[in-house]
Amino acid sequence: MTSAANPATLWQPDPDRIAAARITRFQAWAAERHGAPAEGGYAALHRWSVDELETFWRAVADWFDVRFSTPYERVLADPAMPGARWFPGATLNYAEHALRTAEDPARAQDAALLHVDETHEPTPISWSELRRQVGALAAELRALGVRPGDRVGAYLPNIPQAVTALLATAAVGAVWTSCAPDFGARSVLDRFQQVEPVVLFTVDGYRYGGKEHDRTEAVAELRRELPTLRAVIHIPLLGTEAPDGALDWSAVTSGETEPVFEQVPFDHPLWVLYSSGTTGLPKAIVQSQGGILLEHFKQLGLHCDLGPEDRFFWYSSTGWMMWNFLVSGLLTGTTVVLYDGSPGYPDTGAQWRIAERTRATLFGTSAAYVMACRKADVHPARDHDLSRIKCVATTGSPLPPDGFRWLHDEVADDLWIASVSGGTDVCSCFAGAVPTLPVHIGELQAACLGTDLQSWDPQGKPLIGEVGELVVTNPMPSMPIRFWNDPDGSRYRESYFEMFPGAWRHGDWITITDRGSVVIHGRSDSTLNRQGVRMGSADIYEAVERLPEIRESLVIGLEEPDGGYWMPLFVHLAEGAALDDGLRARIKQTIREQLSPRHVPDDIIEVPGVPHTLTGKRIEVPVKRLLQGTALAKAVNPGSVDNLELLRFYEDIARERG
């Protein structure tokens, strides 16, 4: 429902929805038990959660009934960043919590997972069957000699077997790490060679865009180049037999062994995630069993308002942190939807069809997908029954204002739209979904609980209503416990704590409004700084890509040796469009009128495409380096890019200018 009082307010939850939200019930309970404010709504709860950090996280552990097999000595023994020590003395197991619903006889036969491929036919896997498979596989991993702390790798698409393998790995106390099979062997080795897995789960291939993609050669290369492997477990997605020396999936999951959950320290590693690695080897980011458990309970159970009656669909691949986040939906007893296939097959509206067929209540996707639907004239509510959806969430990049309006107009006018922002680095959100707050066009609803999110100027002074660096001033349980192969912690410190020692600087430009909502402006390391006026690239993209002729764009600001500043805008045109003088003039006029006359580009250049990381983010910094004359081999890690040939185009431009 829209609000006439404030035209920027797109949605306001009604009193019944606010009363029914889990975060409302949590606040009332925490007020009774832990001294949280009973009045003042979300703003008061958030203030308490950062001012009384230890009490807040104790309340989260109590509310979600976290099973500590040995008690903790205190919540936060050392608040230093980096190096915070959470829940010392406590032992627990993430997988035990993820499978807890299977213990309830009333729910054991309900669907824990719904698997969907490009036929869009959902296949359920019950809680009891998932638990049985995890028990069988965990026993086999132990029989193979896998011990707590050993690494287990997966080269798998978003299929139920990947979830089973992750949970079995966690049950054993081993450390999970995964890449999607659309990653080439070199990209996978850049990641897995750092952590030296002892077991590797693989597929023979995958289906995408209506075609089968064979991966047997890539798997053979991984086996050759990972000398620490003791076993390879083959999943015959395309129906081929296990290669020589590999175990077959059905053989290692056929047992009836009760799962045994290794009780590990709170800060025991759960998984390794990877940064995009565009300018060097990807950072191998280690997060803990306990830290992820608590952070995801908070994020999914309170912010996303998920529970046993929900179905949680977020389009992702196993190479992106959102897949790990999606799997954690199991913690709240929610049915998790796994889609393995192209986001736009057989047509752009495919994800809406999947949301309909799976009866999703929370549908998560990328901002880029929403804008692609808008451009392709997709009409989700007209063509599909989306009556079960209560929230559409987006991430990957800021959702432009037109994306908010389109979702409101084309999905439902009583739709909770949650644009969220966080990072692989914390496998969670800094700001985003709050079921009890209004949605303002172009804004994230608020900073998340327990997260003291601030916008700082270069001197470390907090800003309200002005653009600054995204900074988090207190530790979060899911912050990395370390990077792999970073013995003195120097790479970890340099990544987040160099600019403002003792505070986490994430590398995004944000504005925090006077009402507590948040606007993300893009990466601060690719900031456009024209005549001292800074602007995030996301603001340019949002304006330019409204034009129907522009499929995608990339803007770069280059400081030149003579003190000048060159700001080219690269545009990938829609089919049939031409970059003539008329379109150039419209682009410049759009930026001048909607943003700033200072940020009108010096040149508008047509390109065959915009390069992305393997997880779909536009590559800005490496392109900037290329344009400054850095050789391609030094400007970018080739294994981190979706299309290396596109970068040669920018290298040629630098040569011509040179």
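Q: Why is strand 8 described as largely enclosed by the rest of the structure?
A: In this predicted model, five of the five residues of strand 8, which covers residues 175-179, are buried, so the strand is largely enclosed by the rest of the structure.

Q: And which way do its side chains point?
A: Val175, Thr177 and Cys179 point one way from strand 8, while Trp176 and Ser178 point the other way, and all of them are buried.

Q: What does strand 8 pair with, and in which sense, parallel or antiparallel?
A: Its partner is strand 7, made up of residues 151-155, and the two pair in the parallel sense over five bridges. Within that pairing, tyrosine 155 has cysteine 179 of strand 8 as its bridge partner.

Q: How does the chain get from strand 7 to strand 8?
A: The chain passes through helix 7, residues 160-172, on its way from strand 7 to strand 8, and this β-α-β crossover is right-handed.

Q: Switching topic, how many cavities of 30 Å³ or more turn up?
A: A search of the whole structure finds two of them, and the largest cavity holds about 60 Å³ of space.

Q: What sort of residues line that largest one?
A: Its lining divides into nine nonpolar residues, one polar and no charged; among the lining residues are Gln299, Trp314, Phe325 and Leu362.

Q: Back to strands: where is threonine 9, and is it buried or exposed?
A: Threonine 9 lies in strand 1, residues 9-11, and because its relative accessibility is 6%, threonine 9 counts as buried.

Q: What does its side chain make a polar contact with?
A: The side chain of threonine 9 makes a polar contact, at 3.3 Å, with the side chain of histidine 440.

How values were computed: Residues are numbered from 1 along each chain as its sequence is written. This is a predicted model: local features need pLDDT of at least 70, side-chain atom pairs count only at pLDDT 80 or more; totals for chains, interfaces and linings use all residues. Side-chain values use heavy atoms; hydrogens and water are left out. Buried means under 20% relative accessible area, exposed over 50%, partly exposed in between (1.4 Å probe, protein chains only). Helices (H or I, at least four residues) and strands (E, at least two) are DSSP runs, numbered from the N terminus. Two strands pair if DSSP finds at least two bridges between them. A crossover is right-handed if, with the strands pointing away from the viewer, the path from the first strand over the helix to the second runs clockwise. On a 1 Å grid over the protein atoms alone, a cavity is a set of points where a 1.4 Å probe fits but cannot get out, and a pocket is an open set with protein on both sides within 12 Å along at least five of seven lines; lining residues have an atom within 4 Å of a point. Grid points are joined across faces, edges and corners, and a volume is the space filled by probe spheres set on the points. Ala, Val, Leu, Ile, Met, Phe, Trp, Tyr, Cys and Pro count as nonpolar, Asp, Glu, Lys and Arg as charged, and the others, Gly among them, as polar. A polar contact is a pair of N or O atoms within 3.5 Å; within protein, one must be able to donate a hydrogen and the other to accept it, and residues adjacent in sequence count only if both atoms are side-chain atoms.
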